[in-house]
Amino acid sequence: MITLKRALETAERHGYALGSFSPRYTPMIAPVLRAGQRMNSPLIVQISSKELDRYGITPKEFADEFYRVVEQESITVPVVLHLDHTKEMAVIEAAIAAGFTSVMIDASEKELEENIAISKQAAEYAHRHGVSVEAELGMIGTTDFVETDKDEELYTDPKEAERFVGETRVDALAVSCGTAHGVYMVRQPKIDYDRLKAIRRLTPVHLVLHGGSGVPADMMSKAIKLEGGGVSKVNIATDLELSLLEALGREERMTNAECKALPADRLEQGRAAVEKTVADKMSNFLSSAGQAGTFAL
């Protein structure tokens, strides 16, 4: 178990990105971790505040299952337990108490001054507890409202990022540069590489790309390998759920309780599909497969 700060420092230094995989259902935590172990890849397991509400899970329930699987499956690759998009300090505090090693405060819909104040408060609290902090500047669009409740998109301003990171002391910054949460139905993803490079020139913060599902591999590879430091963390949630639902032959999402109640054979079908998707992302999308050993260097 490591913090997000340590994870991203290592990933950036060695030229790959960590997948931040959201299993959404607690029975799908196991295949995500199994994929990391099988591929010898460091990884991040995450869930957002809205996903906790949507799927009927508490931070403690998610963390307890995560740690149970880590022990039962003898997981030895470096792994971060991360709380994604969260707007309330109470949820952040509950997650830290439950054992999350990283949290995200998302005040991106606020004006810059208020976003700085809220994010600074969250960072100070988390750092006192030895936990890393991610924040968001700009607004990342969405198509299905599972992770966030806004569909506005506002690209991150590099000069604002310089001030934001300097004042908040966050460890990672989610930036808006052309990707979106959910399925790309009309507009296709594109990444503003010049914007990413400008942000990195002005701040040493590790960059996070939300909306990794559906982004072409060559596009992502270029974002990861930008000179001077590119994207070090890529959020992937929708692709995992789509592979699960396809394996089960259904279109509608479940609650966590419904997923847990699936017959054992059906549950294993779903888990196998999720594990394959995660392994494929590590090998062909993130360049993180085989990189667990970089944490010993």
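Colleague: Why does F62 count as buried?

Modeller: F62 has a relative accessibility of 0%, and since buried means under 20% relative accessible area, exposed over 50% and partly exposed in between, with a 1.4 Å probe and protein chains only, F62 counts as buried. This is a predicted model, in which local features need pLDDT of at least 70 and side-chain atom pairs count only at pLDDT 80 or more, whereas totals for chains, interfaces and linings use all residues. Residues are numbered from 1 along each chain as its sequence is written, and side-chain values use heavy atoms, with hydrogens and water left out.

Colleague: How many aromatic pairs are there by the rule, and what makes the pair of F62 and F100 stacked?

Modeller: Rings of Phe, Tyr and Trp (its six-membered ring) pair if their centres lie within 6.5 Å, and planes under 30 degrees apart are stacked, over 60 edge-to-face and the rest tilted. The count by this rule is three aromatic pairs. For F62 and F100 the ring centres are 6.3 Å apart and the planes stand at 25°, so this pair is stacked. The pair links distant parts of the chain, 38 residues apart, with F62 in helix α4 (residues 59-72) and F100 in the loop between α5 (89-98) and β4 (102-105); helices (H or I, at least four residues) and strands (E, at least two) are DSSP runs numbered from the N terminus. F100 is buried too, with a relative accessible area of 2%.

Colleague: What makes the pair of F66 and Y67 edge-to-face?

Modeller: The ring centres of F66 and Y67 are 5.1 Å apart and their planes are at 85°, so the pair is edge-to-face. F66, at 0% relative accessibility, counts as buried, whereas Y67 has a relative accessible area of 28% and is therefore partly exposed.

Colleague: How do you know that the charged end of K281 sits over the ring of F285?

Modeller: A charge sits over a ring if NZ of Lys or CZ of Arg is within 6 Å of the ring centre and within 35 degrees of the ring normal. The charged end of K281 is 4.6 Å from the centre of the F285 ring, and R54 lies over the face of Y55 at 5.1 Å from the ring centre.

Colleague: At what angle do the axes of helix α2 and helix α12 cross, and why is α2 called oblique to α12?

Modeller: The axes of α2 (residues 29-38) and α12 (residues 264-284) come within 8 Å and cross at roughly 45°. That makes α2 oblique to α12, because angles under 35 degrees count as roughly parallel, over 145 as roughly antiparallel, 65 to 115 as roughly perpendicular and the rest as oblique. Residues making the contact (heavy atoms within 4.5 Å) include P31, V32 and A35 of α2 and V274, V278 and M282 of α12.

Colleague: What makes α2 mostly covered?

Modeller: Seven of the ten residues of α2 are buried, among them I29, L33 and G36. What covers the buried residues of α2 includes β1 (18-21), β2 (43-47), α4, β3 (79-86), α10 and α12.

Colleague: Why is A261 called exposed?

Modeller: A261 has a relative accessible area of 62%, so it is exposed. A261 is found in the loop between α11 (256-260) and α12, and although 234 residues separate A261 and P27 in sequence, they are 9.9 Å apart in space, C-alpha to C-alpha.

How values were computed. Axes fitted to C-alpha atoms, helices over the stretch in contact; angles between N-to-C directions.
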